[in-house]
Amino acid sequence: MPFYPGPGLVGTASHRSLYLSWKLKTLKYNARFIQLADEVNSSMPEFVAVKVADALNDRGRAVKGAKILVCGSPTARHR
């Protein structure tokens, strides 16, 4: 199943995965896949901000003073 990260950190799933990663470290197991997923999730707010700034710049608009509405659901699957 494809995974499409949302624009920010939300939900209990991210807390569970971080707990699982921590618990596995205590057992001397490196859960790299969970760490990579956390890195992707953690970088999403900056990624979205850069995309919005680029879109505004492409239209000759400044970020400062712009009214921006970001819609979405953390459980929605975007294609």
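Colleague: Which residue with a positive phi follows H2?
Modeller: Helices are DSSP runs of H or I with at least four residues, strands are runs of E with at least two, and both are numbered from the N terminus. The residue that follows H2 has a phi near 70°, and it is Gly60.

Colleague: What kind of model is this?
Modeller: Residues are numbered from 1 along each chain as its sequence is written, and side-chain values use heavy atoms, with hydrogens and water left out. Local features need pLDDT of at least 70, side-chain atom pairs count only at pLDDT 80 or more, and totals for chains, interfaces and linings use all residues, this being a predicted model.

Colleague: How many helices and strands does the protein chain have?
Modeller: H1 covers residues 11-26, and H2 covers residues 32-58. The count for the protein chain is therefore, by the DSSP runs, 2 helices and 0 strands.

Colleague: How far apart are the end C-alpha atoms of helix H2?
Modeller: The expected span of a helix is 1.5 Å times one less than its number of residues. H2 has 27 residues, so it should span 39 Å. The distance in the model agrees with this, at 37 Å.

Colleague: Where does H2 bend?
Modeller: A bend is the angle between axes fitted to the seven residues ending at a position and the seven starting there. In H2 this angle is about 40°, and a proline, Pro45, follows within four residues of the bend, which is at Met44.

Colleague: Which residues of H2 are buried?
Modeller: Buried means under 20% relative accessible area, exposed over 50%, and partly exposed in between (1.4 Å probe, protein chains only). Of the 79 residues of the protein chain, 10% count as buried. In H2 the buried residues are Ile34, Gln35, Asn41, Met44 and Leu56.

Colleague: Which residues does Leu24 touch, not counting residues up to four places away in sequence?
Modeller: Leu24 lies in helix H1 and is partly exposed, with a relative accessible area of 21%. Contact means heavy atoms within 4.5 Å. On that basis, Leu24 touches Tyr29, Ala31 and Ile34.

Colleague: Is Lys28 buried or exposed?
Modeller: Lys28 sits in the loop between H1 and H2, and its phi is positive, about 65°, although it is not a glycine. Its relative accessibility is 80%, so Lys28 counts as exposed.
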